[in-house]
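My plan is to take it topic by topic and jot down what turns up.

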Amino acid sequence: MEITSISGGDASEKNAADIMRNRAGSSTPDHSPCRAKALSAEDNNIRSSKGLTTSSHNTIRDMKTSSATRSGNNMSLLFSPRGKAVMSMSFALAIHLGGYELSRASVMSLFTSDGLGFGKKDKNQESELSALPMAVGCVSPFAVALVWFYGKTLSHGGPNYALKTHTLICAAAQIVAGVILRMFDQCLDAADGADENEAVCSLGSVGNVKRMSQVLIFLLFVFQSAYVQLLYAQHWAFISSVLTAEEGSRLFAPIAGLGSIGSTLAAGSVSLLVESVGLIGLMYMAGISYIFCAILANIAFSTAKSHGFEPSSSGKIEKNEDSQSTISSSASDGRGAYAPINNGTKDSPTSTVTNATLPCLKKNNIFQQAYSLFHRVPVLGALFVEVIVSQCLSSLVNYIYLYKLKVTITDDSERAGWSGKFYAWINGVSGIFQFFIIPILLKHCEAHRIWLFMPSLMLICTLYQFGTYKTSELFGASASFFCIKTMEYSLRGAANEMLYVSLDYESRYLGKKVISLIAGKFGKSSMAVALAFSVIMYGHNDNLMWYLLATATIFTFLWLFSSIRLHSLIEASKR
């Protein structure tokens, strides 16, 4: 492009020089208006010719090089140390999500089982749906404690130490809980048929063993529900720190699609694995998968450290690949665009994030840090509110779906099979979105437009379900649940990462954990607790579904309003 411009400029300058010589060589200077207009027109023609020539050359050159540049960048990144680190972390993410599918299938089945869980053979099954919201309601307080513990591990050893520690803790919890539940199950099987208040096994009375198993399963459900978001967010935090904003726009969707493949394969194989290893065996497999996940994540961080681009609290990622420039949290490379930080120079356009500009993780507790962060980065505060509202709606839609599913399909085995196929479709469609649809959307529109699309689509589903709740039976509830889960697994993930990749280190690591754990779990937990108390106090009366759907419609509008505010803040930050 520069060579073309120089060549066009030389030709134009030569023609202009000839005109000036003709003007100077004239023995009798002509100052008439016609002569001035002619010279002016000739000058304009030269400038126009120069502009057209340069523009046409530049356009052709850009068209020839754009596709080759993108292809070359993809290949060079794939075989570079940065590409290998991102690939290792992406496979760790996929294995983690696959392990979670195994663990979720096992824990949910055990939770409602008649032996170890809260299922009752001699009573109706309404107690199961009231116990489950109570368990979901306890996730948020545990997530708060988990965020505090995460902050300690992050400040103590950095992102690599925090991710490895929490992944191995999650793996150990699955394996140890599986061993204990295996002993409880053997004890209950030995006393099968006897009265649980009178029968005694090797571990004590059957009643006490059953109560201990219920407590353990309850805690395990809360534990895994909080930890899945923590590990998921840490994987993405590394990926968004290593990739630039332009690279992320091309690679975030395929990486998320890889996670959907892991979830789909694991969920699809549950029915086959249960026959061979049982429900508790699925917990062992989940724990083993978490160990492999920790190994791959450690490889990614080791590669980043050895080549000088490991994420750190300085907010910088040094790149030593082929003398490429340093990636820092500045507006010039797409990072920090939503939260420019002054580096001490007035009106500095490309202020680099340093330790001096970021609050120290050791000075304040995590809630003070989050308050300071949201004050400094208003878009994160808006995202915090948006996540709370959307997760409240997600929890409510989930409950409506389970209620309709249980009323429509009364057989436990048939209901479990239908639900498994339903989740397989959710994961499969999410993978299609992540691999094909989202990359196309990001080429034609900006990522923050997704925030407006999601509540708008959900509003159509909730209004349809509210208008046809007496006749639609399972279809309306399934459509709403399918819609919100598919968006959570695909569109929300892409929109979140495109937002986080433009922020500084503290926003990507601390802000992401606070929003994903506290905001996400608080929204689901608060709605779950409200549902549990509503069911206990009022029961399943005839008007319950109408009130639930009316509440869902109200929360959908609240989600739309919060998304509009988030969208406007992102728009303002880009100006």
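**Entry 1: before starting**

I note that this is a predicted model.

**Entry 2: the core**

I looked up the largest nonpolar core and found 136 residues in it. Which of them touch the most other members? I wrote down M89, F111, F238, I239, L380, L383 and I515. Helix α6, residues 206–242, gives the most to this core, with 18 residues. Another core lies apart from it and has 5 residues, including L102, A266, V270 and L282.

**Entry 3: salt bridges**

How many salt bridges does a search of the whole structure find? My count from the search is 9.

Are they buried or exposed? R104 is buried, and E101 is buried too.

Next I took D504 and R376, where the closest N and O atoms are 2.9 Å apart. D504 is in the loop between α14 (491–500) and α15 (505–538), while R376 is in helix α9 (residues 366–376), so this pair ties together parts 128 residues apart in sequence. I checked how covered each one is: D504 is buried, with a relative accessible area of 0%. R376 counts as partly exposed, because its relative accessibility is 25%.

E386 belongs to helix α10 (residues 378–408) and R492 to helix α14, so the pair ties together parts that are 106 residues apart in sequence. E386 is buried at 0% relative accessible area, and R492 is buried at 7%.

One more thing to write down here: salt bridges that share partners join R376, D504 and E506 into one network.

**Entry 4: the surface patch**

I found a nonpolar surface patch of about 620 Å², made by I261, L265, I432, F435, F436, I437 and L441. Which elements give two or more residues to the patch? They are α7 (245–268) and α11 (412–444). The most comes from α11, with 5 residues.

I zoomed in on I437, which has its place in helix α11. I437 counts as partly exposed, because its relative accessibility is 31%, and the cut-off for joining a patch is over 30%.

Note on methods: Residues numbered from 1 in each chain as written. Predicted model: local features only at pLDDT ≥ 70, side-chain atom pairs only at ≥ 80, totals over all residues. Heavy atoms only, no water. Patch = residues over 30% accessible without salt bridge, like charges linked within 9 Å, V, L, I, M, F, W, Y side chains within 5 Å. Areas by Shrake-Rupley, 256 points an atom, 1.4 Å probe, with all protein chains shown as cover. Salt bridge = Lys/Arg side-chain N within 4 Å of Asp/Glu carboxyl O. Helix = DSSP H or I, 4+ residues; strand = E, 2+ residues; numbered from the N terminus. Buried < 20%, exposed > 50% of the residue type's maximum accessible area, 1.4 Å probe, protein only. Core = buried A, V, L, I, M, F, W, Y, C linked by side-chain atoms within 4.5 Å.
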